[in-house]
Amino acid sequence: MRKKVLMVSGPIHPNPPLKGAAVETWMYEVSKRFIGFEPHIVSISHPFYPDKEYKDDIFFHRIHFSRLYKRLFQKITRVDPLSYPKRVARVIHDVRPDIVHMHNFIRWFDPLVKNLNKNSVKTILHMHNEVAVTNGIEVDAFAGCSNFIVDSYKGTAVKAKHYCCIYNGVDLKRFNPYWEAHGLREDIRNRFGIHKDEFVVLFVGRISPEKGVEHFIKSALMLKGLKKTRFLVIGEISEKGGRKSYAEEMMRMAAPLRDRIIFFGVFPPSKIHLLYLLGDAIVLPSNFNEPFSMVAIEAMATGLPVVASQKGGLKEYIIDGFNGFFIREDDFAEDIAKRIESLISDKRLKESVSHAGRKTVEDRFSWEHVVSETEKLYSKLIVGN
């Protein structure tokens, strides 16, 4: 009989995700590929999904809060008698899993771990980014999406018997390299009014200060004189707060480019692989340490040269000049512009980096490889090694 694994995320996105949500994507893509384990996923509910469902060989348990409950207990009184962790605990009691695999949101999981029978349930805390640890938590294993993330939690109040890195992955059948998708690439570019001879530079990610969109736009302004060059910004534009102000500032900055730059909003995960086919290169000019960057490996799988900040988990798989490029940070925009110019003028360089990037993803970041590493961790915990 297969051992049961219950994956749990915080109360933010439903699963499967309806928009870009890297953590929920990881849970879904890995769970549906399990062979030796029975997968269960707990997430917040959504009107598009039933609260309970068996689909793609996964048991989904979606936690529903009524509008009245959220307004009365979570906003007005803030008492929250049946909180998200308490409802997750009910699911755990009903499912009786052998492993509880928790993703991000440490503060939600600390009370869960304290109430679990440690002798019968193994616990994994899997972090996909850096967060401040205010309360201690003890688990059987800690997993990070990169060695950078694993190292950042060692020595903190997070205590684990085992520490390991489990990278993110890509569906290699869905993210095809552009040289194998000529007809589809041409069709997608036609739909967006992009001529086949234009060189298209992408930015994919949140329109937010930490993502460094300003460097991308400044470099585009420097390349304004290059003919047949287009710039696309694809990502969430917040409708409130500081991110909204930042996005508005970015659009004002880009105004002199006119139709040479296009801002898109969020696209559903089921379509994002098609958007990479619009591009010839991608820029990731982050101002912070990227924990891993799903965008980078998705772009590499599509054959796009990645021009990125030399930060965080990106350093674990990008080799400058071989399968991507690192930006010299003393002058972000100028170095990005030079890298783009070299890719436009040197087709052999672009082709070499494109194929090396695809090979890197094939060798290290297929979902099948990620599933294998995850099942090895599970087996290790169950046998008690």
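**A chat about strands, helices and rings**

Me: Which residue in β14 is the bridge partner of Ala308?

Reply: Ala308 has Phe326 of β14 as its bridge partner; strands (E, at least two residues) and helices (H or I, at least four) are DSSP runs numbered from the N terminus. This is a predicted model, in which local features need pLDDT of at least 70 and side-chain atom pairs count only at pLDDT 80 or more, while totals for chains, interfaces and linings use all residues. Residues are numbered from 1 along each chain as its sequence is written, and side-chain values use heavy atoms, with hydrogens and water left out.

Me: OK, and over how many bridges do β13 and β14 pair?

Reply: Strand β13, residues 306–309, pairs with β14 in the parallel sense over 3 bridges, and two strands count as paired if DSSP finds at least two bridges between them.

Me: What is the strand order in the open sheet?

Reply: The sheet has 6 strands in the order β11-β10-β9-β12-β13-β14, with parallel pairing. β11 (261–264) and β14 (325–327) stand at the edges with a single partner strand each, so one side of each has no neighbour in the sheet. From one strand to the next the twist averages 20 degrees.

Me: Is β9 buried or exposed?

Reply: 6 of the 6 residues of β9 are buried, so this strand is largely enclosed by the rest of the structure; buried means under 20% relative accessible area, exposed over 50% and partly exposed in between, with a 1.4 Å probe and protein chains only. Phe199, Val201 and Phe203 cover one side of β9, with Val200, Leu202 and Val204 on the other, and all are buried. β9 runs parallel to β10 and is joined to it by 6 bridges, with Leu202 standing opposite Leu232 of β10.

Me: Which strands does helix α11 lie across?

Reply: Helix α11 (residues 332–345) lies across β9 (199–204), β10 (229–234), β12 (281–284), β13 and β14, and it runs at about 155 degrees to β14. Contact here means heavy atoms within 4.5 Å, and angles run from 0 to 180 degrees between N-to-C directions, with axes fitted to C-alpha atoms, for helices over the stretch in contact.

Me: Switching to helix pairs, at what angle do α7 and α8 cross?

Reply: The axes of α7 (residues 213–222) and α8 (residues 241–254) come within 10 Å and cross at roughly 5 degrees. That makes α7 roughly parallel to α8, since angles under 35 degrees count as roughly parallel, over 145 as roughly antiparallel, 65 to 115 as roughly perpendicular and the rest as oblique. The contact is made by Val213, Glu214, Ile217, Lys218 and Leu221 of α7 together with Tyr246, Met250, Met253 and Ala254 of α8.

Me: Last topic, how many aromatic pairs are there?

Reply: The count comes to 18 aromatic pairs, where rings of Phe, Tyr and Trp (its six-membered ring) pair if their centres lie within 6.5 Å, and planes under 30 degrees apart count as stacked, over 60 as edge-to-face and the rest as tilted. The rings of Phe37 and Tyr378 have centres 5.2 Å apart and planes at 75 degrees, so this pair is edge-to-face. Phe37 lies in strand β2 (residues 37–44) and Tyr378 in helix α13 (residues 367–383), so the pair ties together parts that are 341 residues apart in sequence.

Me: Are those two buried or exposed?

Reply: Phe37 is buried, with a relative accessible area of 6%, and Tyr378, at 0%, also counts as buried.
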